[in-house]
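I opened the model today to look up a few points on its core, one of its helices and some of its backbone angles. My entries follow in the order in which I looked.

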Amino acid sequence: MSEAPGMQSPIELRPAVEGTVDAMDLRYDGGRFSVVSGGPAGIALQPVTSLWMAKNYRRYELNDIHFHLPAEHTVDNVENAGEVHFVHVTSAGLIAVVGVLIAEGGSSRALEEVLAAYGAGRGAQTTFDPRSLLPRSPRRFQYDGSRTTPPYDGVVAWTVFESPIEASSDQLARLRSLVGEMSRPVQARGDRRVTLGS
Ligand SMILES: [Zn+2]
């Protein structure tokens with residue numbers, strides 16, 4: 001599939017309409033991950049065991065977790081320091097990505113675990129619960145878009161949490177040195193609706 005105009009990601013997430021967003025049941029317990037690299041998103045964590053998300057009566061398998069620096073989605077035109085993507089896909093090829101914005105602030109214990117695994121290099125394994133990378137507030141934006149890495153295909157069912165998590169400037173600098181600067185600029189929203197709810 002090629003790049004579809006008017007359906008691209010990332011976007012500015014406001015204005016958003018208050019409404020009902022899909023329930024997400026994250027079955028991430030006992031997550032064991034392997035560090036992989038060389039994909040379109042660069043270095044990433046790939047589950048060794050099956051982790052999945054129930055959404056819209058579908059089972060979305062967690063394919064990988066990766067980071068973008070700076071953040072890709074903006075809220076009120078604020079560009080955060082980073083963004084983590086949880087990429088899920090169904091057996092029929094439907095894609096759902098959950099995004100969490102990262103603001104510079106206090107140190108993140110969850111990110112420290114990721115940094116330790118990334119630092120150990122490709123093939124390194126780590127056990128951690130990806131839910132530790134989610135913000136406390138469940139409020140989230142929902143819209144349809146695309147992947148933000150080549151070939152920018154989709155449709156991707158996007159969920160981006162409204163509240164960012166925090167990471168220290170030192171952690172962000174270390175993450176940047178491992179991941180590099182890789183973020184797609186904000187794309188035209190067209191007539192797409194963004195829903196905000198919890
Ligand atoms: Zn991504």
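Which residues have the most contacts inside the largest nonpolar core, and how many residues does this core have? Before answering I note that this is a predicted model, in which local features need pLDDT of at least 70 and side-chain atom pairs count only at pLDDT 80 or more, while totals for chains, interfaces and linings use all residues. Residues are numbered from 1 along each chain as its sequence is written.

**Core.** I found 45 residues in the largest nonpolar core, and those with the most contacts inside it are V97, V100 and I102. By nonpolar core I mean a set of buried Ala, Val, Leu, Ile, Met, Phe, Trp, Tyr and Cys residues joined through C-beta atoms within 7 Å. A residue is buried if 20 or more other C-beta atoms lie within 10 Å of its own, exposed if 12 or fewer, and partly exposed in between, with C-beta atoms placed from the backbone. Strand β8 (residues 95-104) gives the most to this core, with six residues; helices (H or I, at least four residues) and strands (E, at least two) are DSSP runs, numbered from the N terminus. I then looked up V97, which, leaving aside its neighbours within four places in sequence, is in contact (C-beta atoms, placed from the backbone, within 7 Å) with H85, F86, V87, V156 and W158.

**Helix α1.** In α1, I noted L111, V114 and Y118 as buried. They cover an arc of only 55 degrees around the axis (taken from the directions from the helix axis to the C-beta atoms), so they are on the same side of α1. R109, A116, G119 and A120, on the other side of α1, are exposed. The buried residues of α1 pack against β3 (32-39), β4 (42-47), β12 (165-167) and α2 (169-179). G121 follows α1 and has a positive phi, near 95 degrees.

**Backbone angles.** I looked up D76, in the loop between β6 and β7, and found a phi near 55 degrees, a positive value in a residue other than glycine. D76 is exposed, with 8 other C-beta atoms within 10 Å. Y152, in the loop between β10 (140-145) and β11 (156-161), is not a glycine either and has a positive phi of about 55 degrees, but Y152 is buried, with 20 other C-beta atoms within 10 Å.

Note on methods:
Contact = placed C-beta atoms within 7 Å.
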